[in-house]
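Here is a brief report on one protein chain. It moves from the overall fold to single residues.

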Amino acid sequence: MNASTIIEQLDKILWGWPQIILLLGTHLFMTFKTGFVQKDIFKAIKLSVTKDPDAPGDVSQFGALTTALASTVGTANIIGVGTAIALGGPGAVLWIWFTGVFGIATKYAETIIALKYRVKSQDGTMLGGAMYALERGLKLKWLGIVFAFLAALCGLGIGCSVPANAVVSTVKENLNATGTYGQVLTYVIAVILCVLVGVAIIGGVKSITKVSEKLVPFMAIFYVLGCLIILIMNADVMAQTISTIASAAFTPRAAGGGFIGSTIASACRFGIARGLFSNESGMGSAPLVAAAAQSRNPKRQALWRN
């Protein structure tokens with residue numbers, strides 16, 4: 001059994017029904033527990049651009065927001081949704097929507113926890129995240145260490161490898177780069193990406209935030225405009241598309257059109273999995289940045305983070 005087969009088998013185990021029920025169940029539980037915090041979305045938008053002067057923290061609220069969005073807007077949404085449809089069929093899109101909407105409550109809760117249990121290091125830097133909550137809240141330091149280790153692996157995987165591979169594949173495809181030219185181009189792009197990422201992260205969270213504050217707003221605007229253009233260009237099939245998505249999410253369909261998954265379980269599995277990849281609700285990565293934000297009120301910080 002090769003490494004690829006082992007990873008595929010592990011993926012099937014991790015993303016079986018137990019994980020789906022746990023993740024989506026948490027989203028639903030947190031939604032009811034917080035009194036449907038999603039209803040305050042417009043208030044959250046206002047808070048996202050409102051400063052909290054003289055509050056403890058290393059970066060501004062808006063900076064923390066853009067840093068978190070940098071890993072979800074664009075690549076995660078495009079690749080995540082595209083992969084979900086390819087593997088689980090059109091019905092997976094509905095489960096992505098469910099995960100996104102109800103996942104707001106989970107992200108709200110994990111941000112509050114990250115801020116509540118954050119600590120200040122000897123040099124004055126704010127540190128927080130699930131590992132500190134596990135250590136200080138549940139007194140499970142060993143589990144915090146496990147989370148930190150797995151989060152690092154996750155960062156190297158979906159955080160770096162997937163976006164970098166997407167950039168390389170897109171450039172090579174558009175330039176029709178094959179053979180030796182394609183191999184050389186791959187290394188050139190890799191070096192450029194390493195340099196750009198290195199410049200951004202060497203200065204720590206403050207440096208990353210400064211870069212995100214300048215790039216993410218433009219990235220988000222172009223992404224939204226691109227989506228609107230695509231919707232307008234395909235307005236004549238919008239009703240049929242929504243109907244197909246809704247019916248395929250709850251009705252077994254014959255595999256076809258390149259879809260590997262054809263069952264309700266496949267649509268649900270790949271939709272929720274890619275929904276997590278897209279919005280990171282429940283992953284524990286977003287609160288790492290939120291814990292460094294300047295805020296005196298964890299609830300305020302958690303609300304605008306959504």
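## Cysteines, a helix threonine and the chain as a whole

Cys227 is partly exposed, at 31% relative accessibility. This is a predicted model. Cys194 has a relative accessible area of 57%, so it counts as exposed, the cut-off being over 50%. How many disulfides does a search of the whole structure find? The search returns zero.

| Residue | Relative accessible area | Class |
|---|---|---|
| Cys194 | 57% | exposed |
| Cys227 | 31% | partly exposed |

What does the side chain of Thr99 reach? It reaches the backbone oxygen of Trp95, at 2.7 Å. Leaving aside residues up to four places away in sequence, Thr99 touches His27, Gly271, Ile272, Gly275, Leu276 and Asn279.

Now the whole chain. Its secondary structure consists of 14 helices and two strands. The chain has 306 residues, and 35% of them count as buried. Take the contacts between residues at least 6 apart in sequence: 75% of these join residues at least 24 apart. The accessible surface of the chain is about 17,500 Å². Carbon and sulfur atoms account for 70% of that surface.

Key
Residues are numbered from 1 along each chain as its sequence is written. This is a predicted model: local features need pLDDT of at least 70, side-chain atom pairs count only at pLDDT 80 or more; totals for chains, interfaces and linings use all residues. Side-chain values use heavy atoms; hydrogens and water are left out. A disulfide is a pair of cysteine sulfur atoms within 2.5 Å. Buried means under 20% relative accessible area, exposed over 50%, partly exposed in between (1.4 Å probe, protein chains only). A polar contact is a pair of N or O atoms within 3.5 Å; within protein, one must be able to donate a hydrogen and the other to accept it, and residues adjacent in sequence count only if both atoms are side-chain atoms. Contact means heavy atoms within 4.5 Å. Helices (H or I, at least four residues) and strands (E, at least two) are DSSP runs, numbered from the N terminus. Accessible areas come from the Shrake-Rupley method with a 1.4 Å probe; for residues, only the protein chains shown count as cover.
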